[in-house]
Protein chains: 2
Amino acid sequence: MAPANPIATLGYAILGLLARQPLSGYDVAARLKVPVGFYWTAHYSQIRPELQKLQQAGLVTYEAIPGPGPHSKKVYTITQPGLDALRAWLTQPPKLEAPRNELLLKTHSLWLAGPGEMLPLFRAAAAVHAEHLAHYEAVRERMEVKHGERLTMPDTPEFAEYATLRRGIGFETECLAWCGWMIERLEDRQDRG
Amino acid sequence: MAPANPIATLGYAILGLLARQPLSGYDVAARLKVPVGFYWTAHYSQIRPELQKLQQAGLVTYEAIPGPGPHSKKVYTITQPGLDALRAWLTQPPKLEAPRNELLLKTHSLWLAGPGEMLPLFRAAAAVHAEHLAHYEAVRERMEVKHGERLTMPDTPEFAEYATLRRGIGFETECLAWCGWMIERLEDRQDRG
DNA sequence: CAACTCATGTAATGAGTTACATGATTGT
DNA sequence: ACAATCATGTAACTCATTACATGAGTTG
């Protein structure tokens, strides 16, 4: 039988953020868009109940700061049991992801449509990947200038950030190359009629 | 207001399979493991109600073949309206995917653990990607030998298959390279103490 | 003054997983 | 005999998205 309140992966994602610094629920949501959003996303309405669970389990605490809005701002901080739980989860082998790529799904049926109809999809995808790549490369250069040698030391938060960034750059580069190949193939077909 | 019974992406994934050949529910599930499973997966208990919806919407029909088991085997075939719906969906811009990569999430917190604890994760991941890559490369060679020139013609199902395969190869290659870099970094740190 | 961001909260719906049950065929 | 595969079906559950509501502060 599984434990009564197993912590979901999202819970660990949140703990991972709070291990770096205390954050409000809104700030957690913002970081689950950028930069963590590249490999794990969640909406605020999903984050809220998860933070409550973590708090009830004693893995985080919060301090309510009376703010200007209708609700007081809650700043969450990770506790020692929270850090322990996060460390224990870290070394567990990750479960395989369920891949979901709608563009590839469409690609699998692209023989049903003409090249002219499908080209815009790949051009749009290429543009998005190019934009991401440019952004990541800019962040990378800033990091390399700012932190230098520290980015080769695996025991710093900066290295962890840099490592995920490298993965993002590799991923986007590969996507872009594939889109380029697809566009080439489709344009070639279009030209020949 | 959205239509009463909008077809989910999974529905189009199924239609895409049936556009190639008639299949039983079980066969659809099998193909949503391999080879479509690389970019879209689903369990049989999810596929079943989706097939029912498609059938009620007139996009597929089925023929019940009395089989040996307790239930008669149902072989589903796509209809003309089904093909039309699939073609219309094809050219719609795909919605952005919610990325979920647990290994990257752990990487983001790897500064909390020692290199010796994290190394097995990356070695295991590298092994899985190497295995996938070898498999894809084998399929690719078989396809290139068997179909040759046809793989450059975007209006054949073979090209569509080949195109998604190329994406898989690129993806796995990139994953492997990144895992290799991570292992190198962590081993280096471990050796120096 | 309209639009946007910060910041919390609720409700409803849809997507996806897990576990279970039935039963014939095929391979070890 | 036992396990695996083929093949369908049901129920309970968790995960995730969407839409909505409140209200202050900032920017063009």
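Between chain B and chain A, 24 residue pairs are in polar contact, both partners being at pLDDT 80 or more. The side of chain B that touches chain A draws two or more residues from each of α1 (9-18), α4 (80-90), α5 (102-107), α6 (115-147) and α7 (157-191) of chain B. The model is predicted. Besides the two protein chains, the points below cover DNA strand C, with 20 residues around it, and DNA strand D, with 19.

**Interface of chain B and chain A**

- The contact involves 66 residues of chain B and 66 residues of chain A.
- About 6,800 Å² is buried between chain B and chain A, and carbon and sulfur atoms give 66% of that area.
- H108(B), W111(B) and R167(B) supply 12% of the area that chain B buries against chain A, which is more than any other three residues supply.
- Six salt bridges are found across the interface of chain B and chain A.
- One of these salt bridges links D155(B) to R189(A), with the closest N and O atoms 2.7 Å apart.
- Among the elements of chain B, α7(B) gives the largest share of the side that touches chain A, namely 19 residues.
- Sorted by class, the side of chain B that touches chain A consists of 37 nonpolar, 14 polar and 15 charged residues.

**Surface near DNA strand C**

- Of the 20 residues that surround DNA strand C, the closest are Y26(A), R48(A), K74(A), R100(A) and S45(B).
- Sugar and phosphate make up 71% of the atoms of DNA strand C that come within 4 Å of the protein.
- Both chains take part: α2 (25-31), α3 (44-56) and β3 (73-78) of chain A, and α3 (44-56) of chain B, each supply at least two residues of this surface.
- At the phosphate, the side chain of R100(A) has an N or O atom 2.8 Å from a phosphate oxygen of DNA strand C.
- At the sugar or linking positions, the side chain of Y44(A) has an N or O atom 3.4 Å from an oxygen of DNA strand C.
- At the base, the side chain of S45(B) has an N or O atom 2.8 Å from a base oxygen of DNA strand C.
- By class, the surface near DNA strand C has six nonpolar, nine polar and five charged residues.

**Surface near DNA strand D**

- Of the 19 residues that surround DNA strand D, the closest are S45(A), Y26(B), R48(B), K73(B) and K74(B).
- Sugar and phosphate make up 70% of the atoms of DNA strand D that come within 4 Å of the protein.
- From chain A, the side chain of Q46(A) has an N or O atom 2.9 Å from a phosphate oxygen of DNA strand D.
- From chain B, a polar backbone atom of Y26(B) is 2.5 Å from a phosphate oxygen of DNA strand D.
- Also from chain B, the side chain of R48(B) has an N or O atom 2.8 Å from a phosphate oxygen of DNA strand D.
- Two or more residues of this surface come from each of α3 of chain A and α2 (25-31), α3 and β3 of chain B.
- By class, the surface near DNA strand D has six nonpolar, eight polar and five charged residues.

**Sheet of chain A**

- Three strands of chain A form an open, antiparallel sheet in the order β1-β3-β2.
- Its edge strands are β1 (23-24) and β2 (60-65) of chain A, each of which pairs on one side only.
- Six bridges join β2(A) to β3(A) in the antiparallel sense.
- In β3(A), V75(A) is the residue opposite E63(A).

**Sheet of chain B**

- Chain B has an open sheet of three strands with antiparallel pairing, in the order β1-β3-β2.
- The edge strands β1 and β2 of chain B each pair on one side only.
- β1 (residues 23-24) and β3 (residues 73-78) of chain B run antiparallel and are joined by two bridges.
- S24(B) has V75(B) as its bridge partner in β3(B).
- β2 (residues 60-65) of chain B pairs with β3(B) over six bridges, again antiparallel.
- Y62(B) lies opposite Y76(B) in β3(B).
- I65(B) lies opposite K73(B) in β3(B), and K73(B) is also listed among the closest residues to DNA strand D.

Terms used:
Residues are numbered from 1 along each chain as its sequence is written. Chains are lettered from A and ligands numbered from 1 in the order in which they are written. Side-chain values use heavy atoms; hydrogens and water are left out. Contact means heavy atoms within 4.5 Å. Buried area is the accessible area (1.4 Å probe) that two parts lose on being put together, summed over both. A salt bridge is a side-chain nitrogen of Lys or Arg within 4 Å of a carboxyl oxygen of Asp or Glu. A polar contact is a pair of N or O atoms within 3.5 Å; within protein, one must be able to donate a hydrogen and the other to accept it, and residues adjacent in sequence count only if both atoms are side-chain atoms. Helices (H or I, at least four residues) and strands (E, at least two) are DSSP runs, numbered from the N terminus. Ala, Val, Leu, Ile, Met, Phe, Trp, Tyr, Cys and Pro count as nonpolar, Asp, Glu, Lys and Arg as charged, and the others, Gly among them, as polar. A residue is near a molecule or strand if one of its heavy atoms lies within 4 Å of it. Two strands pair if DSSP finds at least two bridges between them.
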